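Me: I am new to this one. Please show me the structure, and then I will ask about the terms.

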Amino acid sequence: MRVIERDFYRRDPRTVAVELLNKLLLRDGRGGRIVEVEAYGGSNDPGSHAYRGPTERNATMFGPPGHLYVYFIYGTHWCCNAVCSEGTEAGAVLVRALAPLYGLDEMRARRLRGRRDRDLCSGPAKLCQALGIEGADDGADLVTGDRGIVIADDGTPSPAVPGQSPRIGLSAGITTPWRWYVPGEPNLSRPG
DNA sequence: ACCGGGATGTTCT
DNA sequence: GAACATCCCGGTG
């Protein structure tokens, strides 16, 4: 089990997204395997929060790679991204689903509505709730683990042929298929 | 199983 | 004032 180093993130978000599949997202020992991701930003992406330039909310996206960009959505939910690319490119990878592996009891307790284990982390806001990621974690360093949040490699390779589809929940930027997932995985935010 | 709508508040126009 | 990288619940079949 090795924490992923900074240079991994210093690339195009689409490349990073595919390679993040089957890595581990962990907070204080709880978490699981990344099974669904989406890439944002980079070259002129109208679906990205960074599209209209830096603001107070998206500042972390314009910062150094290897940090966590956390945003609040629909008045109730947090979602988290791994920042990649170099500063002005403002790329990021949204983690959309985990296969839960560690700290199951604690994740169940944090997600009162999650009856079945497949409800724990099968969505971008669900997994943040299960792991306890929220606004205060925006900007956390995934390489040093300064707030207990890391992405690690346990030797499981990314799928040779990942599933691919348009991104979910957008009104702009739905034409580009920048969502990837582990084929056949039951813990997706929605089927393939 | 599938579908429709409400919650809830920050961000940006 | 509208949009929003979502989730949950209660309807119906």
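**Cores, rings and DNA**

Reply: This is a predicted model. Its largest nonpolar core has 39 residues. Y9, L25 and I151 have the most contacts inside this core. Strand β6, residues 91-102, gives the largest share of the core, five residues. Apart from it lies another core of eleven residues, including M61, Y71, V83 and L94.

Me: Why is Y9 called buried?

Reply: Buried means under 20% relative accessible area. Y9 has 0%, so Y9 is buried.

Me: What makes F8 count as buried?

Reply: The cut-off is again under 20%. F8 has 10% relative accessibility, so F8 counts as buried too.

Me: Why is the pair of F8 and Y9 called edge-to-face?

Reply: Two rings pair if their centres lie within 6.5 Å. The centres of F8 and Y9 are 5.4 Å apart, so the rings pair. Planes over 60 degrees apart count as edge-to-face. Here the planes are at 80°, so the pair is edge-to-face. The structure holds three aromatic pairs.

Me: Which residues surround DNA strand B?

Reply: They are R52, T55, R57, F72, Y74, G75 and T76. By class, the surface near DNA strand B has two nonpolar, three polar and two charged residues.

Me: How do you know that T55 makes a polar contact with DNA strand B?

Reply: A polar contact needs a pair of N or O atoms within 3.5 Å. A polar side-chain atom of T55 lies 2.6 Å from a phosphate oxygen of DNA strand B, so this is a polar contact.

Conventions. Residues numbered from 1 in each chain as written. Chains lettered and ligands numbered in written order. Predicted model: local features only at pLDDT ≥ 70, side-chain atom pairs only at ≥ 80, totals over all residues. Heavy atoms only, no water. Core = buried A, V, L, I, M, F, W, Y, C linked by side-chain atoms within 4.5 Å. Buried < 20%, exposed > 50% of the residue type's maximum accessible area, 1.4 Å probe, protein only. Helix = DSSP H or I, 4+ residues; strand = E, 2+ residues; numbered from the N terminus. Near = heavy atom within 4 Å. Polar contact = N/O pair within 3.5 Å; in protein donor to acceptor, adjacent residues only side chain to side chain. Nonpolar A, V, L, I, M, F, W, Y, C, P; charged D, E, K, R; others polar. Phe/Tyr/Trp six-rings, centres within 6.5 Å; stacked < 30°, edge-to-face > 60°.
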